[in-house]
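Please look through the sequence and the model shown here, and then follow the sections below.

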Amino acid sequence: MAVARAFALEGAKLFLSGRHLPKVEAVAADIVGGGGVAEAAQVGALDEDGGEKYVGAVAEKAGAIDISFNAISIAHALPNRAPLLELSVEHFVRPLTS
């Protein structure tokens with residue numbers, strides 16, 4: 001949420017998505033309540049077709065996508081806080097599949 005707020009403070013128009021819509025809507029509402037511009041959508045990271053449709057819709061609505069930021073939480077998947085490049089595929093996808 002801190003990254004989204006920082007982008008909003010700089011004037012970015014945010015299109016937020018996640019697999020749990022109420023959480024995404026809460027972040028968007030917080031940003032809008034603070035004077036920013038944000039929209040929320042439900043899109044799962046493993047839903048390739050849905051993700052492509054969503055990105056296409058955002059690009060069409062916004063005219064372009066300048067920045068894409070992926071904030072999938074991986075802290076619980078890191079064995080002994082291993083560097084990202086040292087994670088096994090199993091550990092990397094755990095936040096997406098659990």
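## Two salt bridges

Glutamate 39 has a relative accessible area of 29%, so it is partly exposed, where buried means under 20% relative accessible area, exposed over 50% and partly exposed in between, with a 1.4 Å probe and protein chains only. This glutamate forms a salt bridge with lysine 61, and their closest N and O atoms are 2.8 Å apart; a salt bridge is a side-chain nitrogen of Lys or Arg within 4 Å of a carboxyl oxygen of Asp or Glu. Glutamate 39 belongs to strand β2 (residues 37–42) and lysine 61 to helix α3, so that the pair links distant parts of the chain, 22 residues apart. Lysine 61 counts as exposed, at 52% relative accessibility.

By this rule there are two salt bridges. Aspartate 30 forms one with arginine 5, with 2.6 Å between the closest N and O atoms. Because aspartate 30 lies in helix α2 and arginine 5 in helix α1, this pair ties together parts that are 25 residues apart in sequence. Aspartate 30 is partly exposed at 32% relative accessible area, and arginine 5 is partly exposed at 36%.

## The model and its layout

This is a predicted model, in which local features need pLDDT of at least 70 and side-chain atom pairs count only at pLDDT 80 or more, while totals for chains, interfaces and linings use all residues. Residues are numbered from 1 along each chain as its sequence is written, and side-chain values use heavy atoms, with hydrogens and water left out.

The protein chain has four helices and two strands, which follow the pattern α-β-α-β-α-α along the sequence; helices (H or I, at least four residues) and strands (E, at least two) are DSSP runs, numbered from the N terminus. Of its 98 residues, 23% count as buried.

## The nonpolar core

The largest nonpolar core has nine residues, namely Ala4, Ala8, Leu14, Leu16, Val24, Val27, Ala28, Ile31 and Ala38. Such a core is a set of buried Ala, Val, Leu, Ile, Met, Phe, Trp, Tyr and Cys residues joined through side-chain atoms within 4.5 Å. Two or more residues come from each of α1 (2–9), β1 (13–18) and α2 (21–33), and α2 gives the most, with four.

Leaving aside neighbours within four places in sequence, valine 27 is in contact (heavy atoms within 4.5 Å) with Met1, Ala4 and Leu16.
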